[in-house]
Amino acid sequence: MRNFTFSTIIIAFSFFAFSFKSFPDKIKSKETSGYVKVITIDATSINAFFKKYPKLKKYQKDVEEIYKAKQNKSIWYDDKNITEFGALLYQKVNLLKEQGIESTMPYKEIIDQAFNESDNVEPPQIDTELLLTNMYIFYASNVYSGVDPATLKKIGWYLPAKSISYSKILDSLIVDKNRLNEDDNLLFSQYYKLQDALKKYRKIETDNLWQKITIDSATYKDLRPDDTAIAIKQIRNRLFVVGDLKQDSKSNVYDEELMAGILNYKKRYNLKLNYAITRDHINQMNEPISKRIRTIMLNMERCRWIPTKLSKANEYVMVNIPSFRMFYVKDGKYALVSDIFVGNRLSETVIFSGTMDRIVFSPYWYVPNSIIQNELKLQMANDKNYLADHNMEWNGGKVRQKPGPKNSLGLVKFMFPNPNDIYMHDTPAKSLFEFEKRTFSHGCINVKEAKGLALAILKDDPDWPVDKIDKAMSGEKETTCMLKNKIPVYIGYFTAWVQDNGEINFFPDVYDRDKSLDKLLYSDSVTMN
């Protein structure tokens, strides 16, 4: 069970913008005769409440801060009954599953009594008031904060965490209930796209449309255009169900229509684009839909950790490790998208953020001591000319590789100082980009379109015209360009990502971080916000 202690906000679906009367009777608060008693929430009543409801004790400090800001006045009652906003909050907690959350609030059954007209038992008014405030914190921390910053560091997530005030968000929601609808100022925009995908995949599961594709594993041969097989008909149906095909002709012939669907499927899964349907592809399609649903939920959780300002920046670079892609965004548009390869399992690329302050053309590569000890020393022992043959030299007790087209950093590197000594750079090993799973480096990010990235970043800098960049990348000598405007760099880890057209991409869990996050979120011992 998820256990939370701090953080953020509330949101709702568009239909919550409708009037309170549009809600089912069962979620309305009970009508009272005449006026309700005026409630004052003081320190004594708060202390008494948490003694009565000890499982909510972790929220006490936040509750006290909220009522202090409210001058100890009631939040959830008007002159007759629980407010519309209170009913909306209650409804949202009942729909936590649609937010990818599998948590139940302590004492939820008591809150139910305040909204169930058929229940003859009702908690005292002050209890209901304070239970709803605790419900607000429970909901906000579950949906919009997730794992606390200390735990994020423990699981290796060093991107900046959000910091949002309960009291301020509550004030804004009371004044403007439209903020209960989708609002990119409250959550990273990708969250809402994943939420739509979650709804779609859960409906596929409910409607039992995720049917297994049957093959004989012992005799299976790759399926190709013009082949005929029962499996082709089943694959066609699957692609129709998930949206890669607009219609299902139910044909068992691998025709041109299916070819287009296969390409779209492979594009969404970041697979090599060709028409062959291998046993591995069938095995992937036959993974339970519950696994797809869980993947979406895990990535919704990651979105809760992302500051909303990220997607609103005028310029930034984002790297998504599982997709092996880098995105350079400028003025809200993709100025460049490039394939990358990242660290291997022994030297995983770290999830963090930095600020790019310079571009180095025709760089030296200063070989890390770990590589010298674990690799170079053996090479040099076996071949006394190894350094010279690889354009390397000793420099101040260290080994460096001189500039040139065969330099391990290629002809350009992009620096964003960080304690992990990770940066982005070109590479002479272009053939490695042909692989689907690209975990080859010692931790740095190798960029296929490195020159294109340099050109895009310096496009509006009159001091760096194209011909100057070409000369600087000739490999003759190291040249540094200090950027006039520093660029935020975010290195993240998303195994599911929804494109602007609504299509969801799934990527391999290359560092098994989905497995560890799944255990963290859904184990009984987890400590959350």
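A pocket is an open set of grid points with protein on both sides within 12 Å along at least five of seven lines, and its lining residues have an atom within 4 Å of a point. The exercises below apply these terms to a predicted model.

**Exercise 1.** Determine which residues lie nearest the centre of the largest pocket, and which elements contribute to its lining.

*Solution.* 
Step 1. The space in this pocket amounts to about 930 Å³.
Step 2. Its lining consists of 42 residues, and those nearest the centre are W365, P368, I371, L409 and H442.
Step 3. Two or more lining residues come from each of β5 (351–361), β6 (365–366), α13 (369–382), β9 (412–415) and β11 (439–441).
Step 4. Of these elements, α13 gives the most, namely 6 residues.

**Exercise 2.** State how the lining of the largest pocket divides into nonpolar, polar and charged residues.

**Exercise 3.** Describe the second largest pocket by its space, its lining and the classes of its lining residues.

*Solution.* 
Step 1. The second largest pocket holds about 760 Å³ of space.
Step 2. There are 26 lining residues, with Q284, E287, F507, P508 and D509 lying nearest the centre.
Step 3. At least two lining residues are supplied by each of α11 (279–285), α12 (289–304) and α17 (513–522); α12 gives the most, with 5 residues.
Step 4. Sorted by class, this lining has 12 charged, 7 nonpolar and 7 polar residues.

Conventions. Residues numbered from 1 in each chain as written. Predicted model: local features only at pLDDT ≥ 70, side-chain atom pairs only at ≥ 80, totals over all residues. Heavy atoms only, no water. 1 Å grid on protein atoms, 1.4 Å probe; cavity = no way out; pocket = protein on both sides within 12 Å on 5 of 7 lines; lining within 4 Å. Points joined across faces, edges and corners; volume = space filled by probe spheres on them. Helix = DSSP H or I, 4+ residues; strand = E, 2+ residues; numbered from the N terminus. Nonpolar A, V, L, I, M, F, W, Y, C, P; charged D, E, K, R; others polar.
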